[in-house]
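Please open the model in your viewer, with the sequence panel beside it, and keep a selection tool at hand. The stops below are meant to be taken in order.

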Amino acid sequence: YINRGHAKFEIVSKQVNLSSDKEDIYITISIKEGPIFKFGDISLYGLESFDATVYKNILNFNVKPGTTFSNFNIEQSKEAIEFVLGEEGYAFPQVISMPKFRDNTDYVDIDFRVDPKKKSYVRRINIIGNTKTNDEVYRRELRQFESSVYSQQKIDRSKVRLQRLKYVTSVDVKKIPIDEKLGIVDINFILEETQSGEFKVGAGYSDSSGAIFNIKVQQDNFLGRGNNVALELEKSSYRKLLKYSNTNPYYTQDGISKTVSLVFSETD
């Protein structure tokens, strides 16, 4: 209801009754819809020292005057303002929306009051939950660095890069305020690791090759170093194959990978 214009919607009462035979439950909910409201004047306070154009465009897109009132759009506006401030280095902005109903009209004025607080700097980045993997394997995926200005986009990008690793199930990010006056924060990346190995055994038969057997062992995080190591064996009536490969995805600090392959093949 509150996302479809009913700004004064409320649940008047709730009743739960048991039937006489005690086999059924009757739930009665009484509601008051109220009239449908529209957005009126939209005001923004607290960002006088910032480029107001960006923030006004956010509000005009989500809570444009004259459009149907929606609490969801108000929350979207608050999140967008917090994100933009996060891009400018403010890790803990406070955004409050205050609706004001005009008397004898169907318009609601909204005041957004923003407290960006102190510009933030990242003191330390902690990797938590890496019981099987070297710390540097995860840190090389990060785009937010220690002793630098806080950036929400870089933190989100770092989270995505960590989640893309085959041996990571989930990633959670927590901001820990250290000194609010100086704007110093720590960032914790909390990981949940999963098995990174793979073992395959196959067998088959064909008229041309006869019986075929193959085995493949692969480890995407060999010895916790993030290297992909694979060993493959294959044997048929006319062919023998032994293949070993080792891929280092960060052979250089810039992320250039290097693969070493050894192959033995014998065909009759």
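What follows is a tour that begins with the whole chain and then moves through its cores, strands and loops.

**Before selecting anything**

This is a predicted model, in which local features need pLDDT of at least 70 and side-chain atom pairs count only at pLDDT 80 or more, while totals for chains, interfaces and linings use all residues. Residues are numbered from 1 along each chain as its sequence is written, and side-chain values use heavy atoms, with hydrogens and water left out.

**The whole chain**

Colour the chain by pLDDT, the predictor's confidence in each residue on a scale from 0 to 100: the mean is 91, and 100% of the residues reach 70 or more.

In a cartoon view, the secondary structure comes to 4 helices and 14 strands, where helices (H or I, at least four residues) and strands (E, at least two) are DSSP runs numbered from the N terminus. The radius of gyration, taken over C-alpha atoms, is 30 Å, well over the 18 Å that the globule rule gives for 268 residues, so the chain is more spread out than a compact globule; that rule is 2.2 Å times the number of residues to the power 0.38. Along the principal axes, the C-alpha atoms fill a box of roughly 95 × 65 × 35 Å.

Switch to a surface, and the accessible area comes to about 17100 Å², of which 50% belongs to carbon and sulfur atoms; such areas come from the Shrake-Rupley method with a 1.4 Å probe, and for residues only the protein chains shown count as cover. Of the 268 residues, 30% count as buried, that is, under 20% relative accessible area, with exposed meaning over 50% and partly exposed lying in between (1.4 Å probe, protein chains only).

Next, select Tyr55, Phe69, Ile74, Ile81, Leu85, Ile110 and Phe112, which touch the most other members of the largest nonpolar core, a group of 20 residues. Such a core is a set of buried Ala, Val, Leu, Ile, Met, Phe, Trp, Tyr and Cys residues joined through side-chain atoms within 4.5 Å. Helix 1 (52-62), helix 2 (71-87) and strand 5 (107-115) are the elements that give two or more residues to this core. A second, separate core has 18 residues, including Val122, Ile125, Ile127 and Val185.

Return to Ile81 and display its contacts (heavy atoms within 4.5 Å): leaving aside neighbours within four places in sequence, these are Leu44, Tyr55, Ile58, Leu59, Val95 and Val114. Lys78 also has its place in helix 2, and with a relative accessible area of 15% this lysine is buried. Beyond four places in sequence, Lys78 is in contact with Val95, Ser97 and Phe112.

Select residues 10-18 and 25-32, strand 1 and strand 2, which pair in the antiparallel sense over 8 bridges; two strands pair if DSSP finds at least two bridges between them. Leu18 has Ile25 of strand 2 as its bridge partner. Which residue of this hairpin takes a positive phi? Among the 6 residues between the strands, Lys22 does, near 60 degrees.

Pro35 is found in the loop between strand 2 and strand 3 (38-45) and, at 47% relative accessibility, counts as partly exposed. Its contacts, apart from neighbours within four places in sequence, are Gly5, His6 and Ala7.

**The open sheet and a buried glutamine**

Move to the open sheet of 4 strands, with the order 7-6-9-8 and mixed pairing. Strand 7 and strand 8 (168-179) stand at the edges with a single partner strand each, so one side of each is left without a neighbour in the sheet. Strand 6 (residues 121-128) and strand 9 (residues 184-193) pair in the parallel sense over 6 bridges, with Ile187 as the bridge partner of Ile125.

Gln144 lies in the loop between helix 3 (135-139) and strand 7 (148-149). Is Gln144 buried or exposed? At 1% relative accessibility, Gln144 counts as buried, and among the residues it touches are Val122, Ile125, Tyr150 and Ser158.

**Last stop**

Finish at Ser236, in the loop between strand 12 (227-235) and strand 13 (239-248). Ser236 is buried, with a relative accessible area of 9%, and its contacts beyond four places in sequence are Ser209, Ala211 and Ile212.
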